[in-house]
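User: I'm new to this one. Can you walk me through it?
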Amino acid sequence: MRKDSFKLVRFAQTLKLDIVGNAKTYAFQLLVLYGLLFIGLLIIMLDEMKPDQSFDMISMMFALWTTFVGVCGGIFYASLLMKPFSRKQARLSYLMLPASNLEKFLSRALIVTVGFWAIMIIALLGISATYYLLAAAFGYESQSYGFLFVDVIGRWMSYRGDSGFLSVRMQQAYMFAQFAVLFCAHALFVVSSCLWRRHAFAKMLGCLIVFNFVGSWIVPRITSLFPINLNIDALSIGEVNEMRIIMLFLFGCLNVVVGLLFWWGSYRLFTRAHV
């Protein structure tokens with residue numbers, strides 16, 4: 001079998017064995033996500049203890065909290081790509097699987113990307129049902145009731161990247177740049193899991209803090225040596241906006257390219273680990 005060969009049947013079997021073998025771990029992670037969402041929802045409801053509290057206000061605040069948990073949790077989950085291999089027995093089990101390195105890597109990649117959001121959606125469904133119990137316990141009136149899951153998903157689907165006062169092209173540029181940064185950050189923490197089998201998230205976070213501290217000291221001193229006068233005052237508002245759109249697009253493309261390089265590097269490190 002070639003190390004980089006791919007067959008859907010072998011890939012599905014590898015993915016199934018991963019899910020079954022780590023079912024207790026995934027169940028615990030589901031409980032953790034549910035607990036985080038529950039704490040946020042409880043704080044929001046306690047902060048607005050009004051019987052006639054608007055459901056729209058509650059759902060808006062909860063959608064922000066859910067997005068925060070999803071983004072931070074997704075990045076943390078990316079650092080768990082190699083977590084099962086930190087145990088010798090699990091490592092040997094993966095080594096004996098009749099699957100190529102590519103199939104093993106893709107199964108783990110699917111777990112830490114699509115798998116996380118599947119767990120997140122299940123937790124969100126559970127907390128949406130719990131909301132009815134909390135609303136009844138707090139004595140909310142009928143206008144405060146609603147299905148949080150549908151409302152949160154609707155807010156995610158209608159997200160436009162930035163202020164509604166901006167043009168459509170500017171909003172699209174902001175959206176592209178934001179999602180590109182998240183893609184790059186997620187890929188970076190995937191790399192961290194291949195570099196360090198234990199405490200990968202904490203180690204990479206520490207490296208980023210040090211890098212940011214050093215960079216904030218070095219970059220201003222370098223840029224001061226090469227002053228650039230863009231003469232923005234001479235440009236019209238339309239030209240400035242066009243420049244912003246182009247820079248956002250280039251920034252987003254750079255993050256996508258770097259993110260893809262991180263994923264490629266993760267695969268190379270994964271195969272070198274002889275999984």
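Predicted model: local features only at pLDDT ≥ 70, side-chain atom pairs only at ≥ 80, totals over all residues.

User: Rings, then. How many aromatic pairs are there in the whole structure?
Analyst: A search of the whole structure finds eleven. One of them is phenylalanine 105 with tyrosine 267.

User: Are those two stacked or edge-to-face?
Analyst: Edge-to-face, because their planes stand at 65° and the cut-off is over 60. The ring centres are 5.4 Å apart.

User: Where do the two residues sit?
Analyst: Phenylalanine 105 is in helix H5, residues 101–137. Tyrosine 267 is in helix H9, residues 237–272. The pair therefore ties together parts that are 162 residues apart in sequence.

User: Is phenylalanine 105 buried or exposed? And what about tyrosine 267?
Analyst: Phenylalanine 105 is buried, at 5% relative accessible area. Tyrosine 267 has 14% relative accessibility, so it counts as buried too. The cut-off for buried is under 20%.

User: New topic. What is asparagine 22 doing, and where is it?
Analyst: Asparagine 22 lies in the loop between helix H1 (8–21) and helix H2 (23–47). Its relative accessibility is 9%, so it counts as buried. Its side chain reaches the backbone oxygen of aspartate 18 at 2.9 Å.

User: Aspartate 18, you say. Which residues of H1 meet H5?
Analyst: Asp18 is among them, with Arg10, Phe11, Thr14, Leu15 and Ile19. On the H5 side are Glu103, Lys104, Leu106, Ser107, Arg108, Leu110 and Ile111.

User: At what angle do H1 and H5 cross?
Analyst: Roughly 50°, and their axes come within 9 Å. That angle makes H1 oblique to H5. The crossing is right-handed.

User: Now H7 and H8. How do they pack?
Analyst: Helix H7 covers residues 168–195 and helix H8 covers residues 200–223. They pack at about 120°, with their axes 9 Å apart. That makes H7 oblique to H8.

User: Is the crossing of H7 and H8 left-handed or right-handed?
Analyst: Right-handed. From H7, the contact uses Leu188, Phe189, Ser192 and Ser193. From H8, it uses Ala200, Phe201, Met204, Leu205 and Leu208.

User: Why quote both an angle and a distance for helices?
Analyst: Because two packed helices are described by the angle between their axes and the distance between the axes.

Technical notes. Residues numbered from 1 in each chain as written. Heavy atoms only, no water. Phe/Tyr/Trp six-rings, centres within 6.5 Å; stacked < 30°, edge-to-face > 60°. Helix = DSSP H or I, 4+ residues; strand = E, 2+ residues; numbered from the N terminus. Buried < 20%, exposed > 50% of the residue type's maximum accessible area, 1.4 Å probe, protein only. Polar contact = N/O pair within 3.5 Å; in protein donor to acceptor, adjacent residues only side chain to side chain. Axes fitted to C-alpha atoms, helices over the stretch in contact; angles between N-to-C directions. Parallel < 35°, antiparallel > 145°, perpendicular 65-115°, else oblique. Left-handed = near helix turned anticlockwise from the far one by under 90°. Contact = heavy atoms within 4.5 Å.
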